[in-house]
Amino acid sequence: MPTGGGGDTPADLPAETAATVVGSSPIERTEAGAAAGAEQELMTVNMGPHHPATHGVLRLLVSLQGEVVIDLKPIIGYLHTGIEKSCEDQSYWKVIPFVERMDYLSYFSNMQAYCGAVETLLELELPPRAQYLRVIHLELNRIHSHLVWLGTSALDLGAISMFWYCFRERDKILDLFEMSSGQRMHTRYFQVGGVFEDIPAGFERKVREFCADMVVRLEQYRALLDRNEIFLRRTKGVGIVSRERLLELGVTGPLLRAAGEPWDLRRAQPDLCYADLDFKIPVGTVGDGYDRYRVRLQEMRESVRIIEQCLDGLPEGPFVADDRKVVLPPRDELSISMEALIHHFKLVTEGFRVPPGEAYYPVESPRGELGAFVLADGSAKPARVHIRDPSFVHMQALREMCVGGYIADLISNLAMLDPILGGVDR
Amino acid sequence: MSLPLAEVGFAEATWIMVVKSIVIFLVVFMIVPVLTVVERKLIGRFQNRYGPNRVGPVGLMQPVADILKLAGKQVLHPSASVPLLYAIGPALVIFSGITTIAILPFGNVKDGVGFYGIDVSIGVLYFFAFGSLAFYGLLLSGWASGSKYSFLGAMRSAAQLISYEISMGLALLGAIMMAGSLSLVSIVEAQGTIWYVIPQIVGFLIFMVAGFAETNRAPFDLPEADAELVQGFQTEYGGTRFGSFLLAEYLEMFVVSGIATAFFLGGWMGPGPGWLDPIWMIVKILALIFVFIWVRATLPRLRYDQLMSLGWKMLLPLATLNVLVTAVLVVVT
Amino acid sequence: MPDSPGLELIAGELRDAHPDSVLATYHEHDQACLIVDPEQVLDVLRWLRDTPGQRYDFLSSLHGVDYLPAAPRFGVVYELLNRDRVERLRVRAALPDPAANGDGADALPAIDSCVELFPTAEFHEREVYDFFGIVFRGHPDLRRILLPEVYVGWPHRRDFPIGGEPVIFTHDERIVPGWTE
């Protein structure tokens, strides 16, 4: 017998059903759910960890009544790699590639949060050019992340072609990353004190070309989806959670802005050169799937504006702070300066030491507030690195978005939530 | 035993019947693998990529590779499945696809040979009778797989097929009334002056929409909605059985396009000598199949309840109205 | 961020409202921190959340820290945020290690759960429990969240070694018994 029933639905469902399903170990709960299913025509479906639409290895324990989601419990940890623990065994500059690999779509934000925390501990000032270069890459990264989101979300809704169109533009961004840092993903472009290398000649022109192209492409995406009756029906009025509840659940980023709360750390608590830039914060009205889509689409447009402003105002000067205790000396000095050689040797072998203290540094990642907490004990290795990843927090809101809706809406809500399981599980 | 199953108009020698069945069968079966590669190529072009281009010249041998791969797979039985029904499901689906090809007319009678499998006077009823058998195949295979995703997919497909069959039938009724016959050959011949797509445009559109639902194609591919139900009723299938579902999907697409061509697009009619008739028929069918592929590349998927409300609240009333208006017009003129 | 005198004002008012709740304060790198008594952490958080003029009503993050050589070994760190004034305030509950106080090697430090005050803390507290073995009293569903349920040990403690983990695959089942249950 394939299921515990589930085709026809009883008229009303006792309220305690949901209560019986939560509150024990997941395996016990599966059995409890199955037992409840036999009696009350509930079907417990284990979506994931290998399911085409769970965006990685998320497992959702879903109780269904016919096609309606009665209860849902996310079970995470399948991608846990112990990055935070591994960071404690690396010197500060070697931690950067580790934190990049947490949220693998917004690696620049991860780097910025971590580097920002270390720079706070060192009380290191960034030269203006480094700040602008960081912002350019952060915003390119935001577009990149939103493009992947748009493509996969549309794919989850059945619009298969959007995926390819979005990945076409995403590839151009990866080309840009490759140009500036030599890597397409996980670039390790930021370093404590600035950026790894100055941008190569021609990079600015390429970015400008991309920006001009992106504006047109965004209009094309809008033309494909925004006037599509099926897409509108699938997203409008779906997955609404009130703004107050979202705040209680700690939700930030586009999800919160779609619900009408204009909270953006780039504006509220500007770091780098965001205070000098002119950009708008798109805000939704009701916070359904459609608002989330519109907010993210508009954010891409604003990111393009930010990048263009940064290119216009890109100051000359050093791209990294001039602090020989932290930053590697330039290559050409090594052959003429003994002091530079010693610094180089110290930095590469031991790394730099950070005075004891702790710092929490939040940035606005494409998904929301991404904060790095770094505890320094005075040695060359951090005593604790913790990343507050927005996807991890947002996962708690999934249940409230989905309960009472159809299983198809569960998929669209999950897509609009945009979780990155690498960030959730770390 | 001399009761005729259906009135066939004129008699043909048995060997002619056998030969033409084989010919039609082979032609259609050759078209299906080509269709798969055409679909993948076209979707690739829609999506700004190449599609298959490695096997053979411009990827044309891709279906052969696919078939070999599928045939080489181990046949798996999930431990929770019901073995016999699990095996019968795909067979039923493919049986229903093949039998309906018999009534597609590729031309009228030439030199004492009808260019069709059989011209039954109940024409369109035959199509519905055998077409609906596919639904049992889907339901059985979904239920017998012993998987929850399959079960949900089977439930969806059952509800979907039933809801859309009615609109589909009503959409054809207008054309039947105008032609005054159920036989597909007579209906095509009745379109000598004007193709029914013009007077029966509403019926044509409804038929096509319902046809998308009948064939489980996007945007009505809920039974196999891969984002929600992994692959729906075919989740647990692999190898040749999975291949049968694939084959059946393309066969159904071919049949639905064929019926639409016969009813609305003037069937085999076209300029040129008589021997071009089957070509014209196939060209029109392929044009409709192109629409199927185009839509798949463009549209997102409907939600289950939206699918139901579209079928019952929009298409069915519209089709009924179309029938009423046609009936009045047919009587008046 | 509250500046240094502002932090002292908050600490003073807190001490008035809840005596002995604030153990220490520090203000460095423009970041303010209250170190509080773990037994009164709920009172402190509620006071900070509900008192007019404070209203730190958004919990950005909650994480555990192991200050191993230091005296109260564990810290549960609450990153509070007031979104109107854009002020962040760190509250650290300094938790002693009961194992070091002679309560047996398996004794776990415990603190009150703040899920009722901040629903967002549910996953965070599970994560802290998972990694540090800090028990949150009153948490609705305190289980391991990222590690397997049968995992033994608290890996983010500073005395937990890095490396040496058996990698769990299906074919390891005989070697690592019981993990599938």
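Domain bounds, as the word is used here, come from an automatic or database domain assignment. On that basis, chain A is divided into domain 1 (16–75) and domain 2 (83–321 + 354–388), and the centres of these two domains, taken over C-alpha atoms, are separated by 33 Å.

This is a predicted model, in which local features need pLDDT of at least 70 and side-chain atom pairs count only at pLDDT 80 or more, while totals for chains, interfaces and linings use all residues. Residues are numbered from 1 along each chain as its sequence is written, and chains are lettered from A and ligands numbered from 1 in the order in which they are written.

Helices (H or I, at least four residues) and strands (E, at least two) are DSSP runs, numbered from the N terminus. Chain C, for its part, has three helices and seven strands, which follow the pattern α-β-β-α-β-β-β-β-α-β along the sequence.

Two further terms are needed for the table. A residue is buried if 20 or more other C-beta atoms lie within 10 Å of its own, exposed if 12 or fewer, and partly exposed in between, with the C-beta atoms placed from the backbone. Two residues are in contact if their C-beta atoms, placed in that way, lie within 7 Å.

| Property | Chain A | Chain C |
|---|---|---|
| Box of C-alpha atoms along the principal axes | roughly 85 × 45 × 35 Å | about 60 × 35 × 30 Å |
| Buried residues | 55% of 426 residues | 36% of 181 residues |
| Contacts at least 24 apart, among those at least 6 apart in sequence | 68% | 47% |

**The nonpolar core**

A nonpolar core is a set of buried Ala, Val, Leu, Ile, Met, Phe, Trp, Tyr and Cys residues joined through C-beta atoms within 7 Å. The largest one holds 258 residues, of which Val99(A), Tyr114(A), Ala117(A), Val118(A) and Val374(A) touch the most other members. This core draws at least three residues from each of domain 1 and domain 2 of chain A. In soluble globular proteins, nonpolar side chains tend to be buried together.

Leaving aside neighbours within four places in sequence, Val374(A) is in contact with Ala117(A), Val118(A), Leu121(A), Glu358(A), Ala359(A), Pro382(A) and Val385(A). Cys87(A), which lies in helix 3 (residues 83–87) of chain A, is buried because 23 other C-beta atoms lie within 10 Å. With the neighbours within four places again left aside, the contacts of Cys87(A) are Val95(A), Phe98(A), Val99(A), Pro382(A) and Val385(A).

**One helix of chain C**

In helix 2 (residues 41–50) of chain C, the buried residues are Val41(C), Val44(C), Leu45(C) and Leu48(C). Seen down the helix axis, these residues fall within an arc of 95 degrees, so they line one face of the helix; the arc is that of the directions from the helix axis to the C-beta atoms. An α-helix has 3.6 residues a turn, so residues three or four places apart point the same way. What covers the buried residues of helix 2 includes helix 1 (4–17) and strand 2 (31–36) of chain C.

**Where the chains meet**

The contact between chains A and B joins 29 residues of chain A to 29 residues of chain B. On the side of chain A, helix 7 gives the most, with five residues, and by class this side has 17 nonpolar, six polar and six charged residues. Here Ala, Val, Leu, Ile, Met, Phe, Trp, Tyr, Cys and Pro count as nonpolar, Asp, Glu, Lys and Arg as charged, and the others, Gly among them, as polar.

The contact between chains C and A takes 27 residues from chain C and 37 residues from chain A. Strand 3 of chain C gives the most to the side of chain C, with six residues, and the residues of this side divide into twelve nonpolar, seven polar and eight charged.

**Two residues with positive phi**

Asn48(B), in the loop between helix 1 (14–46) and helix 2 (62–71) of chain B, has a positive phi near 70 degrees although it is a residue other than glycine, and Asn48(B) counts as exposed, with 11 C-beta neighbours inside 10 Å. Arg55(C), in the loop between helix 2 and strand 3 of chain C, has a positive phi of about 50 degrees and is not a glycine; Arg55(C) is partly exposed, with 16 other C-beta atoms within 10 Å.
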